[in-house]
Amino acid sequence: MRESTKEITGKIQAAEIEELPVLFLQYAQDERAGVRAAMEKGRKRLLAYEKEVERSKALQKYEREYAAYQYICGIDEVGRGPLAGPVVAGAVILPKDCDILYINDSKKLSEKKREELYDIIMEQAVAVGIGCSTPERIDEINILQATYEAMREAISKLEPVPDLLLNDAVTIPQVEIRQVPIIKGDAKSISIGAASIVAKVTRDRLMVQYDEIYPEYGFASHKGYGAQAHVDALRRYGPCPIHRRSFITHFCET
């Protein structure tokens, strides 16, 4: 009995990527409009996947260039600009020839995709380290030095110890491991991109927890950045314990 258009469409939609070429051959002679439309959507899906595979391979340029090093660690931070909350650094050692797709600068990914990738990275990484500098520490030593501290903490938590660091733009003081700073590295290195995602998801989750403690500021929505609703709340309620006093002098008395 001939399969219905609905059945074929459902089969193509549910197929894994590697199953699509076989289905294209199987239904190549079917002229029904619904089948042709489903086939076209399937081809677009396959093409998008193939493009992502190529992009992911290109993202491993630096990892291939320094392949002689056994443990290559990507480093990135999140939260240098907000008015509240910590700055968080991520350090990630991925396996050689890592095949995780869709890793990118965390700012270019949706929250849903970041959460999905976070789980995959945490499962597949050789090692992950996370470091934080508190708002008090940021006020005490300034945001740049606090960021360096968070990065050093993240590195110190790695086991095995990396023998090469790929950093997003910066060179971290007081670190003896060889460093390679890469401008816009979170979009050029799969290791730095993974670190960016880990740091971003970690910090966002912290800010959601802080929202439960200080609900009047709306931390769950803006994550401590200077959104107008946040500034308005600052002016109305004044600062709370997680505000960076050195960042908010223009908005309220500290």
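The following legends describe close-up views of a predicted model.

Local features are given where pLDDT is at least 70, side-chain atom pairs count at pLDDT 80 or more, and totals for chains, interfaces and linings use all residues. Residues are numbered from 1 along each chain as its sequence is written, and side-chain values rest on heavy atoms, with hydrogens and water left out.

**View 1. The open sheet has 5 strands in the order β3-β2-β1-β4-β5, with mixed pairing.** Strands (E, at least two residues) and helices (H or I, at least four) are DSSP runs numbered from the N terminus, and two strands pair if DSSP finds at least two bridges between them. The edges are taken by β3 (127-133) and β5 (179-182); each has a single partner strand, so one side of each is left without a neighbour in the sheet. On average, and with direction ignored, neighbouring strands of this sheet are turned by 20° against each other. Such angles refer to axes that are lines fitted to C-alpha atoms, for helices over the stretch in contact, and run from 0 to 180 degrees between N-to-C directions.

**View 2. Strand β2 is paired with β1 and with β3.** β1 (residues 72-78) runs antiparallel to β2 and is joined to it by 6 bridges. Ile75 stands opposite Ala91 in β2, and Glu77 has Ala89 in β2 as its bridge partner. Towards β3, 7 bridges are formed, again in an antiparallel arrangement; here Ala91 has Gly129 as its partner.

**View 3. Both faces of β2 are covered.** In a regular strand, side chains alternate between the two faces of the sheet. Val87, Ala89, Ala91 and Ile93 lie on one side of β2, and Val88, Gly90 and Val92 on the other. Of the 7 residues of β2, 7 are buried, so the strand is largely enclosed by the rest of the structure. Buried means under 20% relative accessible area, exposed over 50%, and partly exposed in between, with a 1.4 Å probe and protein chains only.

**View 4. Helices α7 and α8 lie across strands of the sheet.** Helix α7 (residues 143-156) lies across β1, β2, β3 and β4 (164-168), at about 150° to β3. Helix α8 (residues 190-213) lies across β1, β2, β3, β4 and β5, at about 40° to β1.

**View 5. Asn104 is placed in the loop between β2 (87-93) and α5 (111-124).** Its relative accessible area is 16%, and Asn104 therefore counts as buried. Leaving aside residues up to four places away in sequence, Asn104 touches Arg55, Leu109, Asp186, Ala187, Gly193 and Ile197; contact means heavy atoms within 4.5 Å.

**View 6. The second largest pocket holds about 170 Å³ of space.** A pocket is an open set of points on a 1 Å grid over the protein atoms alone, where a 1.4 Å probe fits and protein lies on both sides within 12 Å along at least five of seven lines; lining residues have an atom within 4 Å of a point. Its volume is the space filled by probe spheres set on the points, which are joined across faces, edges and corners. The lining includes Asp76, Glu77, Val78, Asp168, Asp186 and Lys200. The largest share of this lining, 3 residues, comes from β1. By class, the lining has 2 nonpolar, 2 polar and 7 charged residues, where Asp, Glu, Lys and Arg count as charged, Ala, Val, Leu, Ile, Met, Phe, Trp, Tyr, Cys and Pro as nonpolar, and the others, Gly among them, as polar.
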